[in-house]
Amino acid sequence: MDITEEEKNLIRQKVEKLKNSRFKQQTLPAWRPIPSFRSTMITFTVFGVIFLGLGVLLYIMSDQIQEVGVQNYDDDALCKNANGTPKPTCTIDFWVNDTIKAPVYIYYQLDNFYQNHRRYVKSRSFNQLKGDWLTVDKLSDCDPIKKVSDLSDNQKYNLKKVKMTDMDAPAVPCGLVAKSYFNDTYLLADPDGKNITINDVNIAWESDRQYKFKNIQNPPDGKTYQDVQWINMEDEHFIVWMRTAGLPNFRKLWGKIERDLTPGRYAVQIANNYDVNGFEGNKSFVLSTTNALGGKNYFLAICYIVVGSLCLVFAIIFLVAFLKKRKDINRRTE
């Protein structure tokens with residue numbers, strides 16, 4: 001459609017009007033606060049009181065969380081042979097001094113394990129974990145653990161406990177994260193020697209259970225997932241492990257106890273399978289309660305206290321400077 005000269009001029013006028021608008025030229029009314037001693041002091045004081053109050057509150061909440069357990073049991077003499085090698089199973093006693101109200105959460109803790117390393121985090125196949133059968137040539141994301149031959153000797157058995165003979169078959173699941181799966185297990189006995197029921201249902205995120213981890217749905221040659229997998233990919237302990245930690249010292253949920261723990265001497269029987277010597281780490285068994293913000297963690301509370309204290313220090317500095325300046329002004333006017 002042709003545009004007349006008059007319409008073109010009208011368009012040009014509208015464009016020029018937009019170019020010269022107050023918004024375009026940044027000449028709209030603006031508020032430019034000029035900080036003064038008084039306003040700065042008030043701001044730092046308010047933020048200091050708020051942050052300090054939150055920090056103290058968080059510290060008290062963390063302090064109310066009850067924790068007991070066995071620290072660094074890999075170094076405990078009860079879990080080592082005479083030659084220093086780890087025992088396959090060991091039993092360690094520990095004391096509960098005060099009643100711990102249910103629910104009580106069981107965690108394993110690993111120290112000096114860097115699950116946040118870039119190559120480690122990327123070493124997995126999301127499609128395979130969702131249940132798709134993939135050949136080795138489609139498992140480049142899992143490098144360097146792609147074949148059965150890349151797994152540890154004790155992982156070369158399928159779920160039927162039959163040793164896999166085809167070393168060139170795809171590892172299911174593949175990747176460094178899956179291969180390094182934490183496989184210690186625990187049995188807990190109360191002061192009367194009775195086993196305590198540990199619930200491991202719903203310990204993983206619901207979204208992970210429903211959408212991200214499934215056993216192989218379409219295995220080849222009439223096989224079942226039990227023939228090709230070395231671990232159950234719907235096992236919640238495995239799902240929890242696959243959600244990598246951001247720091248080298250971390251805890252992961254292993255189960256929960258849905259009864260109160262009364263004071264007394266408890267015993268934990270440990271299947272001491274997981275080797276921590278390769279990364280010079282330690283492993284611990286922890287029983288803990290939680291609050292609205294999770295487990296015991298003083299770091300956030302200390303951060304708030306430090307920031308709040310700094311704000312109050314700056315407020316005092318500005319107050320001193322303000323009083324000094326006012327004194328100088330009064331002296332000059334006399």
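A salt bridge here is a side-chain nitrogen of Lys or Arg within 4 Å of a carboxyl oxygen of Asp or Glu. On that basis, Arg-265 and Asp-93 are bridged in this predicted model, with N and O 2.9 Å apart. Quite a stretch of chain separates the two: Arg-265 sits in strand β6 (residues 264-271) and Asp-93 in strand β2, 172 residues apart. Both ends are partly exposed, Arg-265 with a relative accessible area of 45% and Asp-93 with 38%.

The structure has 12 salt bridges. Another of them pairs Arg-119 with Asp-143, at an N to O distance of 3.7 Å. Since Arg-119 belongs to helix α3 (residues 118-122) and Asp-143 to the loop between α4 and α5, the contact ties together parts that are 24 residues apart in sequence.

Asp-190 is buried, at 9% relative accessibility, whereas Arg-259 is partly exposed at 34%. Elsewhere, bridges with shared partners join Asp-208, Lys-212 and Arg-243 into one network.

Turning to the cysteines, there are two disulfides. One connects Cys-79 and Cys-90, with an S to S distance of 2.0 Å; the link is right-handed, with 70 degrees about the S-S bond. Cys-79 lies in the loop between β1 (67-70) and β2 (89-96), and Cys-90 in strand β2 itself, so the bond ties together parts that are 11 residues apart in sequence. Both Cys-79 and Cys-90 are buried.

The other disulfide is formed by Cys-142 and Cys-174, whose sulfur atoms are 1.9 Å apart. In sequence order, the bonded cysteines pair as 1-2, 3-4.

That leaves Cys-303, which is in no disulfide; its nearest cysteine sulfur, on Cys-311, is 13 Å away. Cys-303 is partly exposed, at 30% relative accessibility. Cys-311 is likewise in no disulfide, but is buried, with a relative accessible area of 12%.

Methods
Residues numbered from 1 in each chain as written. Predicted model: local features only at pLDDT ≥ 70, side-chain atom pairs only at ≥ 80, totals over all residues. Heavy atoms only, no water. Disulfide = S-S within 2.5 Å. Helix = DSSP H or I, 4+ residues; strand = E, 2+ residues; numbered from the N terminus. Buried < 20%, exposed > 50% of the residue type's maximum accessible area, 1.4 Å probe, protein only.
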